[in-house]
Amino acid sequence: MSNLILTRDNYFSPCAEKDYVSCSQFLDFFGGGLLKGCEARAMAKIRGEWIEEQSTALLVGSYVHSWNEGPQERSRFIAEHPEMFTKQGGLKCEYKQADEMIAALENDEMCMFMLNGQKEIIFTAELFGLKWKVRFDNYLPEKKRSSDLKTTRSISDKDWICEGGINKKVSFVEAYCYPLRAAVYCEVERLAMGRPEGDWIDFYLVAVSKEDPPDKAVISLKDPERYIKELSVIEECTPRLKLLKEGRLEPIRCEQCAYCRSTKQVSKVIHYSDI
Ligand SMILES: [Zn+2]
């Protein structure tokens with residue numbers, strides 16, 4: 001592995017994706033909650049052979065994040081994304097809604113307070129023999145606090161997920177694996193800052209919904225017992241992840257995701273009763 005120094009500009013570069021594991025990459029391999037993992041797709045992404053299409057929902061999230069980074073970043077985002085506007089020059093309705101989400105946060109003292117801090121702060125550390133990277137939206141070391149801004153369909157709606165063969169209804173926090181993300185973020189930051197075991201910073205989600213009018217909440221993800229559980233899940237997956245990333249193990253194809261469908265070659269006849 002090289003010693004690439006991560007910056008804002010190279011954080012998602014192919015080199016960074018090869019050298020480091022991020023939470024999204026880990027979930028891309030192994031899945032969790034509503035997120036479906038696919039080893040073949042994850043490796044194709046790392047090799048630069050597969051680029052996920054950026055959905056409007058993802059772009060709306062990035063736009064709200066650019067606001068969080070400050071007026072300059074918001075202007076830069078607007079300049080770089082002419083697709084935000086209709087042919088007549090007005091904002092498309094998804095972005096009008098995004099502006100309402102921003103206004104909802106701006107008008108809330110508690111949300112704005114929790115979004116304080118240094119922006120887009122990167123940390124790296126080794127977890128179980130692999131290098132990990134994390135990037136905090138808002139980082140306030142003097143208060144031992146950090147927060148992530150999250151746009152979501154709804155804060156209170158539940159989603160069905162299947163875990164260990166059991167179907168259960170969970171909040172968006174579980175559906176999108178935020179406990180795992182919080183565990184990794186806090187552990188990587190702790191290691192990078194050289195604090196003792198278990199001395200984790202507080203990690204909050206400032207969530208804003210895409211409803212009209214938007215709902216909002218400040219959610220604490222502090223849960224040391226859960227962090228330990230999540231980190232042990234990562235430890236269990238690490239030997240396989242290491243072999244996969246080193247190209248010493250053939251990644252398993254899920255045969256369901258867009259990558260698998262687009263690269264599929266039918267090799268045998270299947271019986272209708274097996275579908
Ligand atoms: Zn797949």
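**Group meeting talk: rings, strands and a zinc ion**

Okay, let's start with Tyr-139, which is buried, with a relative accessible area of 4%. Before I go on, please keep in mind that this is a predicted model.

So who are the neighbours of that ring? A bit of background: we describe a pair of aromatic rings by how far apart the centres are and by the angle of the planes. Counted that way, this structure has 14 aromatic pairs. Take Phe-123 and Phe-136: the ring centres are 5.8 Å apart and the planes sit at 80°, so we call this pair edge-to-face. Phe-123 belongs to strand β1, residues 118-127, and Phe-136 to strand β2, residues 130-140, so the pair ties together parts that are 13 residues apart in sequence. Both Phe-123 and Phe-136 are buried. Now back to our tyrosine: Phe-123 also pairs with Tyr-139, again edge-to-face, at 5.0 Å centre to centre and with 70° between the planes. Here too the partners come from β1 and β2, so Phe-123 and Tyr-139 tie together parts that are 16 residues apart in sequence.

Over the ring of Tyr-178 you'll find the charged end of Arg-181, 5.1 Å from the ring centre. Lys-150 lies over the face of Tyr-176, with 4.8 Å to the centre of that ring.

In a sheet, strands pair through backbone hydrogen bonds, and they can do it parallel or antiparallel. Our example is an open sheet with five strands, in the order β1-β2-β3-β6-β7, and the pairing is mixed. At the edges are β1 and β7, the latter being 216-220; each has a single partner strand, so one side of each has no neighbour in the sheet. From one strand to the next, the twist averages 40°.

Let's zoom in on one pairing. β2 meets β3, residues 145-152, in the antiparallel sense, over three bridges. If you want to find that spot, look for Leu-140, which stands opposite Arg-145 in β3.

There's another pair to look at, β4 and β5. These two run antiparallel and are joined by five bridges, with β5 covering residues 166-170. Trp-160 has Lys-169 in β5 as its bridge partner. Asp-159 is also in β4, which spans residues 159-163, and Asp-159 is buried at 14% relative accessible area.

Lys-144 counts as partly exposed, at 31%. And then there's a cis peptide bond between Asp-212 and Pro-213, where omega is about -5°. You'll find Pro-213 in the loop that connects β6, residues 202-209, with β7.

Quick stop at a helix: Val-188 sits in α9, residues 178-193, and is buried with a relative accessible area of 0%. Val-188 and Leu-127 are 61 residues apart in sequence, yet 7.7 Å apart in space, C-alpha to C-alpha.

Last topic, the zinc ion. What coordinates the zinc ion? Four cysteines, through their SG atoms: Cys-38, Cys-254, Cys-257 and Cys-260, at 2.3 to 2.4 Å. Along the chain the spacing reads C-x215-C-x2-C-x2-C. And why do we call the arrangement tetrahedral? Because the angles between the four donor atoms run from 105 to 116°. Cys-257 is buried at 11%, whereas Cys-254 is partly exposed at 27%. Glu-255 lies in the loop between α10 and α11, and here again is a positive phi in a residue other than glycine, near 65°. Glu-255 is partly exposed, at 35%.

Terms used. Residues numbered from 1 in each chain as written. Predicted model: local features only at pLDDT ≥ 70, side-chain atom pairs only at ≥ 80, totals over all residues. Heavy atoms only, no water. Donors = N, O, S within 2.8 Å, 3.2 Å for Na, K, Ca; no water. Tetrahedral: all angles 85-135°; square planar, octahedral: opposite > 155°, others 65-115°. Buried < 20%, exposed > 50% of the residue type's maximum accessible area, 1.4 Å probe, protein only. Phe/Tyr/Trp six-rings, centres within 6.5 Å; stacked < 30°, edge-to-face > 60°. Helix = DSSP H or I, 4+ residues; strand = E, 2+ residues; numbered from the N terminus. Lys NZ or Arg CZ within 6 Å of the ring centre and 35° of its normal. Pairing = 2+ DSSP bridges. Axes fitted to C-alpha atoms, helices over the stretch in contact; angles between N-to-C directions.
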